[in-house]
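Please look through the report below with the sequence and the 3D view at hand. Each section takes up one part of the fold.

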Amino acid sequence: VPLFVYACLTLRYFMPCDVKHTLHSLQKHLGELATWNPDVSAGMFAWLKINDVDDTTQLMGPAVDKRVLLLPGESFTPPMVDIHSGLAPQQAAPTPFVRASFSVGTAEAFDTALERFAAVIREYRSQCSN
């Protein structure tokens with residue numbers, strides 16, 4: 001038990017980017033591009049719903065090219081199964097969500113990543129509108 005208490009008390013040192021900074025960075029870079037829960041008070045991830053994007057897997061390649069790694073919401077969606085036909089599971093349905101981790105890396109790195117991801121979203125929207 002003492003080791004557990006020590007780990008809980010020192011957890012702040014292992015999570016350099018706090019929730020307050022995370023919410024500030026989200027608003028600064030993605031304010032008009034995405035929505036999220038503004039009442040988050042703790043955690044390791046921010047779930048974002050990207051506005052006007054139905055399938056966030058389309059953003060992952062360009063994001064990686066800009067050295068940003070996020071997980072599309074599809075990664076957390078169970079595969080669709082037709083229980084009547086007994087067919088094998090199909091690919092999960094696309095979603096407008098992504099999960100961003102703010103528990104690894106510095107606040108500055110998270111801020112930079114969101115700035116780059118905002119550029120990815122804008123470029124994607126520009127290509128879709130043409």
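Predicted model: local features only at pLDDT ≥ 70, side-chain atom pairs only at ≥ 80, totals over all residues.

## Strand β4

Along strand β4 (residues 97-101), the side chains alternate between two faces. V98 and A100 point to one face and are buried, where buried means under 20% relative accessible area, exposed over 50%, and partly exposed in between (1.4 Å probe, protein chains only).

Residues are numbered from 1 along each chain as its sequence is written, and side-chain values use heavy atoms, with hydrogens and water left out.

## The sheet

Strands of a sheet pair through backbone hydrogen bonds, either parallel or antiparallel. Here, 4 strands form an open sheet in the order β1-β2-β4-β3, with antiparallel pairing. The strands β1 and β3 stand at the edges, each with a single partner strand, so one side of each has no neighbour in the sheet. Two strands count as paired if DSSP finds at least two bridges between them.

β2 and β4 are joined by 5 bridges, and F45 stands opposite S101 in β4. Strand β3 (residues 71-72) is joined to β4 by 2 bridges; L71 has R99 in β4 as its bridge partner. Between β1 and β2 there are also 2 bridges, and T35 is partnered by K49 in β2.

## Helix α2

Helix α2 (residues 19-30) has 12 residues. From its first C-alpha to its last it reaches 16 Å, close to the 16 Å expected at 1.5 Å a residue; the expected span is 1.5 Å times one less than the number of residues.

The buried residues of α2 are V19, T22, S25, L26, H29 and L30. Seen down the helix axis, they fall within an arc of 120°, so they line one face of α2; the arc is that of the directions from the axis to the C-beta atoms. Their cover includes β1 (34-35), β2 (45-50) and α4 (107-129). K20, H24 and K28, on the other side of α2, are exposed.

## A buried loop residue

T56 is found in the loop between β2 and α3 (57-65). Is T56 buried or exposed? It is buried, with a relative accessible area of 0%. Leaving aside neighbours within four places in sequence, T56 is in contact (heavy atoms within 4.5 Å) with I50, P72, G73, T95, P96, F97 and V98.
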